[in-house]
Amino acid sequence: MKLITAILKPFKLEDVKNALQAAGVTGMTVSEASGFGRQRGHTEVYRGAEYTVDLVPKVRLEVLVDDKDSDSVVDVIVKAASTGSIGDGKVWTTPVDQVIRVRTGERGSEAI
Amino acid sequence: MEEIVLNSGDTAWMLASTALVLLMTPGLAFFYGGMVRTKSVLNMMMMSFITIGIVSVLWVIYGFELAFGYKADSPWYGNISFSGLGGIVNDFTNNGGYYPIPVLVFAAFQLMFAIITPALISGAIADRTKFSAWAIFVAIWSTIVYFPVAHWVFAFGNKVGDTVTGTGYLAGKGLEDFAGGTAVHINAGAAGLALAIVLGKRVGWRKEAMRPHSLPLVLLGSGLLWFGWFGFNAGSALAANGIAGLAFMNTQVATAGAVCGWLLVEKIRNGHPTSLGAASGAVAGLVAITPACAFVAPWAAVVIGLFAGIFCALAVGLKYKFGFDDSLDVVGVHLVGGIWGSLAVGLFGTHVVNSIGLDGLFYGGGTALLVKQALGVGLVAAYSFLVTLALGYAIEKTIGFRIAKDAEVEGIDLSEHAETAYEMSSSSRGGAF
């Protein structure tokens, strides 16, 4: 099993969510995040005094999938999240040892 | 003494004006509160609210008599009396002549000026002032600075027959300050500078971002100030008459001009006109037109406002050069705007709009009026700065003026008031997606 983590531009969340649902993904976790990559931050000016804001607001989306679905789901996310401009975010996968559905106690692929 | 008959129109307008001027102080609390960080907004607003409490009490006990009583016949202060306003309840207002409004209405109106002046100072020492020290400062500063200075500027004396006694020093010298460019704004601005020096810089000043936490609150505050200022300026006519109308119109158009002036500077210098700039520009314009509102034509009010916006927008950056943490620019807005507005009377003043006004430099009056204005500016600024500096150091050396460093970093709302302004937890967020 894999955990797919995607850092997205907040306004692309809706597109990615819809694309994942269309691709048969049934669950996900979304949280607000902030950070920077090559996009860096931005400058704000208050009464002439400049403040550099390093951290840009982003959305973190997490999906648990079977190993066999991993590549295709990553492709769906990348395709839906892309605008072609700097700051589109990143997607990565990490191996997952075990998944348990809390309600039933099912384990492994059954729990996804 | 001729028989005075109460004028209900004038009295009604003065009652309304008084309430308008009171609203300026909560408005100021929002204006300042929005500009500080989330951890100190309540303290910032409380500094204004405690001022309403303390000054109102002092005003009744001895403040009004000290500012406007005439028995002492001194140009520097009024009566020293603790009569609690009990003896004058049935009197009419006598301030260089009789006004057909009850003296208690005049006293209440002037009280609101006495409240907002120390409240204005609080912006210079945001985020770090021990609340008890501030309360003590407000009581002493009002007593030895505001009440006497109000006498210098606003007390036109007790007129009985043809004799006038107890006129304030600057009023007697012919200073034209209609609603308090000197007594309120230069006074508060100079005191703010002194306290910013006494208290020193905030922890992390110029190293970490100290952005305004809520610009909508700032805009709400500036809107309330603008609204209340019609009472401040037009009410200073002490009558519902043509002079009140002139002051009203000038207040509106000067403020509008200053919004444009400040935003113009920002657009050219930084590329973006900001909402904080619009709010600040409005206040700068209101400050500058305050002394001039009943002595200049409306077109001149626009010019005064436009330049007030430009001057103050350029002035607020100077604190970084001089290295004092006047946190919310009390100096850059109130001192600079007050000086400009007070001197501008000497340039644009004309007897055409107000028969008691002199002609300024641009109306062929020469520099005579400008010199009187400069005397008022210099005297009030110097007195306020020096006395505040001494008072500030006295409080610093005895009970301490600042909170502890760790309390300041953690947030003054928590350490001084045991409250926080906002529930910041994000774990209960729902429905956004």
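Read along the sequence, chain A follows the order β-α-β-β-β-β-α-β, with helices (H or I, at least four residues) and strands (E, at least two) taken as DSSP runs numbered from the N terminus. The model is predicted, and local features need pLDDT of at least 70, side-chain atom pairs count only at pLDDT 80 or more, and totals for chains, interfaces and linings use all residues. Residues are numbered from 1 along each chain as its sequence is written, and chains are lettered from A and ligands numbered from 1 in the order in which they are written.

The C-alpha trace of chain A spans about 60 × 25 × 20 Å along its principal axes. Its radius of gyration, taken over C-alpha atoms, is 17 Å, whereas a compact globule of 112 residues would have a value near 13 Å under the rule of 2.2 Å times the number of residues to the power 0.38.

Strands β3 (residues 42-46) and β4 (residues 49-53) of chain A pair in the antiparallel sense over five bridges, where pairing requires at least two DSSP bridges between the strands. A:Y46 has A:A49 in β4(A) as its bridge partner, and in this hairpin, with two residues between the strands, A:R47 takes a positive phi near 50°.

Eight residues of chain A are in contact with 13 residues of chain B, contact meaning C-beta atoms, placed from the backbone, within 7 Å. To the side of chain A that touches chain B, β3(A) gives the most, with three residues.

Terms used. Contact = placed C-beta atoms within 7 Å.
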